[in-house]
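Hello,

Here is the structure I promised to pass on. Please open it first, then read my notes below.

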Amino acid sequence: LNFDGIIEQADFQKEIIDAFAAWEIVADIKFQSVADAPNVDIRLGWANIDGRSGVLGDATLPSSGPLESVVIRFDQQEDWFTGGDATLPKIDFSYVATHEIGHGIGLLHSDVASSLMADNYDETILGLTVDDVAAATEMYGASNLEQVNVFRFFRPDTGGHLFTTADLERESLQNQASFREEGVGFEGLAITNTNIEFSTPVYRFFNKALGSHFYTSNENEKNVVMDFDVFNYEGISFRALTVDTAATEPVYRFFNLESGGHFYTIDENEKNVVMEIDSFRFEGVEFYAYLNFVEF
């Protein structure tokens, strides 16, 4: 009843998720994607608003009470652009999605003309500005995420990976011929981020028989592995999330049937490649982490 069309295109869906993530990164608020239903807090869709070059989108909020049953509509007649920063006459969908979601979380238009939440579309604005961040954090508080680089090292002789957030350990591994650095695997949360909703510690074990490392975010699995003499418990490596929010991506786990070790990846393409290798058994999502670190 609220929309003239469903947003089914993958590129538009991705930009909507990225727009939610932009607000999630800077403010103490989290968004989860759920199946569409009339009682969803924020719903988004296409609408025939007023044709091209008029109103790009709009957001309808309750007149009072909690921010729920918010409806965000995008004019499907606009010359939309996805995949980067648009130049006129095309309209940057990411810009408009971020703007309308800003209204969806309760922000009004800004009096600062150079802000993304100003009332006029400006193709020169490429993302959230200081004014936008200030408005969101005034309402929700600043994001308390302390993200850390989780570096990934490959050990060719065992076929396993080692993840570390510690600078000293990273420097030591860089000087060892048995390890090959593969850069930042993903972004985790600092060990001290214990007050983040849905966060969980990721435990690290060393397999003395294989010479490889094992990671788990499952408390029961951790307790079981603690009883195996072949594993040395090395403590909490970093923290991650137990739910998938707008700003996170799943980290997948595989079991190597030949070596007995485990393989972890946040890269969807890498995951799909490994899925086709008979010697690897897919064990699902181990936890959720951040693919990119965003600063404003």
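This is a predicted model: local features need pLDDT of at least 70, side-chain atom pairs count only at pLDDT 80 or more; totals for chains, interfaces and linings use all residues.

The largest cavity has a volume of about 70 Å³. Its lining is made up of T158, G159, G160, S212, H213, N256, S259, G261, H262, F263 and F280. Two strands, β10 (212-216) and β13 (262-265), are the elements that give two or more residues to it. What kinds of residue line the largest cavity? There are 2 nonpolar, 9 polar and no charged residues.

A word on how such spaces are found. Rolling a probe the size of a water molecule over the atoms shows where empty space is left.

Next, look at the second largest pocket. About 210 Å³ of space lies in it. It is lined by 16 residues, and L56, G57, H99, E100 and D119 are the closest to its centre. The elements that contribute two or more residues to the lining are β2 (57-60) and α2 (93-104). Which element gives the most? That is α2, with 5 residues. By type, the pocket lining has 7 nonpolar, 6 polar and 3 charged residues.

**The nonpolar cores**

In soluble globular proteins, nonpolar side chains tend to be buried together. Here, the largest nonpolar core has 42 residues. Inside this core, W23, F31, F74, W80 and F93 have the most contacts. The elements that supply two or more residues are α1 (10-26), β1 (42-47), β3 (70-75), α2 and α3 (130-140). The largest share comes from α1, at 9 residues.

Take W80 as an example. Which residues does W80 touch, leaving out those up to four places away in sequence? They are F12, W46, L56, F74, D75, I91, D92, F93 and V96. Two of those names have come up in this email already: F74 and F93 are listed with W80 among the residues with the most contacts in the core.

**The whole protein**

Now zoom out. The protein has 6 helices and 14 strands. Its C-alpha atoms fill a box of roughly 65 × 40 × 35 Å along the principal axes. Of its 296 residues, 46% are buried. Take the contacts with a separation of 6 or more: residues 24 or more positions apart account for 66% of them. The protein exposes about 15,100 Å², and carbon and sulfur atoms supply 49% of that area.

Find T124 in the loop between α2 and α3. Is T124 buried or exposed? T124 has 56% relative accessibility, so it counts as exposed, since the cut-off for exposed is over 50%. Now find G284. T124 and G284 are 160 residues apart along the chain, and their C-alpha atoms are separated by 42 Å.

Best wishes

Conventions: Residues are numbered from 1 along each chain as its sequence is written. Side-chain values use heavy atoms; hydrogens and water are left out. On a 1 Å grid over the protein atoms alone, a cavity is a set of points where a 1.4 Å probe fits but cannot get out, and a pocket is an open set with protein on both sides within 12 Å along at least five of seven lines; lining residues have an atom within 4 Å of a point. Grid points are joined across faces, edges and corners, and a volume is the space filled by probe spheres set on the points. Helices (H or I, at least four residues) and strands (E, at least two) are DSSP runs, numbered from the N terminus. Ala, Val, Leu, Ile, Met, Phe, Trp, Tyr, Cys and Pro count as nonpolar, Asp, Glu, Lys and Arg as charged, and the others, Gly among them, as polar. A nonpolar core is a set of buried Ala, Val, Leu, Ile, Met, Phe, Trp, Tyr and Cys residues joined through side-chain atoms within 4.5 Å. Buried means under 20% relative accessible area, exposed over 50%, partly exposed in between (1.4 Å probe, protein chains only). Contact means heavy atoms within 4.5 Å. Accessible areas come from the Shrake-Rupley method with a 1.4 Å probe; for residues, only the protein chains shown count as cover.
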